[in-house]
Amino acid sequence: MPGIVIVGAQWGDEGKGKLTDLLAERADAVIRFQGGNNAGHTIVRGTQEWKFHLIPSGILYPRKLCMIGNGVVIDPRVLIDEINTLRDRRIDVGGLKISANAHLIMPYHLLLDSAGEARLGKLQIGTTRRGIGPCYADKAARLGIRVQDLLDEKILKKKIAAALEPKRLSLRPFAKDPSLDLHAMTEEYLIYGHRLEQHIADTARIAWELLDDGGTVLFEGAQGAMLDIDHGTYPFVTSSNPVAGAACVGAGVGPRDIAEVWGVTKAYTTRVGAGPFPTELTNAQGDRLRERGGEFGTTTGRARRTGWLDLVALRYAARLNTLTALAVTKLDVLSGLERIEVCTRYRGAEGAEFEHFPYHQSVLHQAVAETIEVPGWSEELGECRSEADLPTAAREYLELITQTTGVPVALVGVGPGRDQVIWTQAGEESELAPGGVTA
Ligand code: IMP
């Protein structure tokens, strides 16, 4: 059976974690392929709530294989905290596997992330300050520390010293910071290695074996297409590739291992941090979406910027990821609106119209969203469990998304609960549909 990639089709926070967790029930393994603890999601099981930043979705199923792929950057302190929390709540973490090739976030990455933002002043990106960018920069500069380095004191110390050397100048303001002492840092990270050792594995090989045996592997993305370092709104992006193509690189499989690509989009749009956001609403309507949608970050608690659904950006994400299915989350948040606006094209500064996402930053930064109005609905959707339960206007809204993007809406989220989802007719054809593949 297949590899199935799940990616964000907007600027992150689309509800990938919840969806992956739901779909993980029918999969043999979940593997994360990029990002780090800049991501975050909340899982609700009965009366219990769980917040994860690094551990892949699906860990709450008994002994489910949940893997952190080579493309992820890991802050070991955060990972160990999450493991401890799970253990304290009596969750078996035996299925957690960590790629020996994944890179580690080091104390200097955190300091450099914050210092970099401070230096940018008004031009700052609004990073999560978790050290993500500096860690990926070290990886590309071949100065990274990898998970496997934790298992050898001599190698670890040598590599940390080599990584610190070219940063002397930028780290000078933190000269007295005890976390930067080479010996203390080495000791600290060796302890992390000791704690994580039982989980370190050749995650790519595990994925191959499952796929070759006909198993189902979910590749879980973090962030979203518009935050992609190559294809997003650079420089206001994250430092990795949250697009489907990166699942191969970040997990160690080939394109022919992938059978389906699911894109997750909210029924409207949000963005955290700075950068262009053509459909942004800075008025009472935007506040309403934020409040009704609970749009505050899981990782940083920041209020998210909100706006109407941007079909120009969504069509772009659909092509970029070769999406085979869309999951539309939070449709219930739109209930109670008489009219809903949807962006179908941008207008540039000189009046030019763009139906495709503009590649040039100057065009994009000045692009204004042109919207059409579609009828809203007054009914609450929380109890809807089939397409037929949805009001006509809500069904038409989903149809508009399918028509414009060319991608069938397979799943619709109508509330925070696990059961508050609707499988559409198109979704029933997926390997992941209830009654489809079972693990
Ligand atoms: P970084 O990934 O911490 O370097 O932040 C770079 C940009 O990506 C900032 O605008 C962040 O707000 C944004 N970002 C990173 N992770 C997420 C996420 O999980 N959801 C939404 N935005 C994110």
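Reader: In which hand does α2 pass α7?
Author: This is a predicted model. In it, helix α2 spans residues 76-88 and helix α7 spans residues 182-196. Their axes come within 10 Å. The crossing of α2 past α7 is left-handed.

Reader: At roughly what angle do the axes of α2 and α7 cross?
Author: Two packed helices are described by the angle between their axes and the distance between the axes. For α2 and α7 the distance is within 10 Å. The angle is roughly 40 degrees.

Reader: Which residues of α7 make the contact with α2?
Author: From α2 come Pro 76, Arg 77, Leu 79, Ile 80, Ile 83 and Asn 84. Facing them, α7 gives Glu 188, Tyr 189, Tyr 192, Arg 195 and Leu 196.

Reader: Is α11 parallel or oblique to α13?
Author: Helix α11 covers residues 311-320, and helix α13 covers residues 392-405. Their axes lie 9 Å apart, at an angle of about 55 degrees. Angles of 65 to 115 degrees count as roughly perpendicular, and those under 35 as roughly parallel. The angle between α11 and α13 therefore makes α11 oblique.

Reader: Which residues of α13 make the contact with α11, and in which hand does α11 pass α13?
Author: On α11 the contact residues are Leu 311, Leu 314, Arg 315 and Ala 318. On α13 they are Leu 400, Ile 401, Thr 404 and Thr 405. The contact divides into five nonpolar, two polar and one charged. The crossing is right-handed.

Reader: How many charged residues are in the lining of the largest cavity?
Author: Five of the lining residues are nonpolar. Two are polar. The charged count is one.

Reader: Which elements give two or more residues to the lining of the second largest pocket?
Author: The second largest pocket holds about 270 Å³ of space. Its lining includes Ala 161, Leu 164, Arg 168 and Leu 171. The elements giving two or more residues are α5 (153-164) and α6 (168-171).

Reader: How many charged residues are in the lining of the second largest pocket?
Author: Seven residues of this lining are nonpolar, and no polar residue is present. Among the charged ones are Glu 165, Lys 167 and Asp 181. The charged residues number five.

Terms used. Residues are numbered from 1 along each chain as its sequence is written. This is a predicted model: local features need pLDDT of at least 70, side-chain atom pairs count only at pLDDT 80 or more; totals for chains, interfaces and linings use all residues. Side-chain values use heavy atoms; hydrogens and water are left out. On a 1 Å grid over the protein atoms alone, a cavity is a set of points where a 1.4 Å probe fits but cannot get out, and a pocket is an open set with protein on both sides within 12 Å along at least five of seven lines; lining residues have an atom within 4 Å of a point. Grid points are joined across faces, edges and corners, and a volume is the space filled by probe spheres set on the points. Helices (H or I, at least four residues) and strands (E, at least two) are DSSP runs, numbered from the N terminus. Axes are lines fitted to C-alpha atoms, for helices over the stretch in contact, and angles run from 0 to 180 degrees between N-to-C directions. Angles under 35 degrees count as roughly parallel, over 145 as roughly antiparallel, 65 to 115 as roughly perpendicular and the rest as oblique. A crossing is left-handed if the near helix is turned anticlockwise from the far one by less than a right angle, and right-handed if clockwise. Contact means heavy atoms within 4.5 Å.
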